[in-house]
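Take a look at the model first.

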Amino acid sequence: MGNMNIIGKKVITIEGMQCKHCKNSVEACLNQIDGAVAKVDLKKKTAVVSMERMIPDMLLQDKIEKLGFRVIEIELREA
């Protein structure tokens, strides 16, 4: 992570991720957001996004749903 200044994390529950390819495409699209670093856990069906700035739920949901997956829940956790 280096010198990132994480202000919080969002845990996104995602339906429809089946394989490593799904995991990689979700991580890649979320990592394109400025100030976001995403880590997907296929078993738990979640993406954990570490944020340097507050990123709106709608933006995260929009990016994921454009890939064809369903966002079930987005939960904010403090840093």
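Buried means under 20% relative accessible area, exposed means over 50%, and partly exposed is in between (1.4 Å probe, protein chains only). By that scale Lys-66 is exposed, at 66%. This is a predicted model, where local features need pLDDT of at least 70, side-chain atom pairs count only at pLDDT 80 or more, and totals for chains, interfaces and linings use all residues. Residues are numbered from 1 along each chain as its sequence is written, and side-chain values use heavy atoms, with hydrogens and water left out.

**Cysteines**

- The structure has zero disulfides; a disulfide is a pair of cysteine sulfur atoms within 2.5 Å.
- Cys-19 has its closest cysteine sulfur in Cys-22, at 3.5 Å, which is too far for a bond.
- Cys-29 is in no disulfide either, and its nearest cysteine sulfur, that of Cys-22, is 12 Å away.
- Cys-19 is partly exposed at 33% relative accessibility, whereas Cys-29 is buried at 8%.

**Salt bridges overall**

- Side chains of opposite charge can pair when their charged atoms come close.
- A salt bridge here is a side-chain nitrogen of Lys or Arg within 4 Å of a carboxyl oxygen of Asp or Glu.
- The whole structure contains six salt bridges.
- Helices (H or I, at least four residues) and strands (E, at least two) are DSSP runs, numbered from the N terminus.

**Asp-57 and Lys-10**

- These two side chains form a salt bridge, 2.5 Å from N to O.
- The pair links distant parts of the chain, 47 residues apart: Asp-57 is in helix α2 (residues 57-66) and Lys-10 in strand β1 (residues 8-15).
- Asp-57 is partly exposed at 32%, while Lys-10 is buried at 6%.

**Glu-27 and Lys-39**

- Glu-27 and Lys-39 meet in a salt bridge, with N to O at 3.9 Å.
- Glu-27 lies in helix α1 (residues 20-31) and Lys-39 in strand β2 (residues 36-41), so the pair ties together parts 12 residues apart in sequence.
- Glu-27 is buried, with a relative accessible area of 14%, but Lys-39 is exposed at 56%.
- Lys-23 joins Glu-27 and Lys-39 in a network of salt bridges.

**Lys-66 and Asp-62**

- The closest N and O atoms of this salt bridge are 2.7 Å apart.
- Both residues lie in helix α2, four residues apart, about one turn of the helix.
- Asp-62 is partly exposed at 39% relative accessibility, and Lys-66 is exposed.
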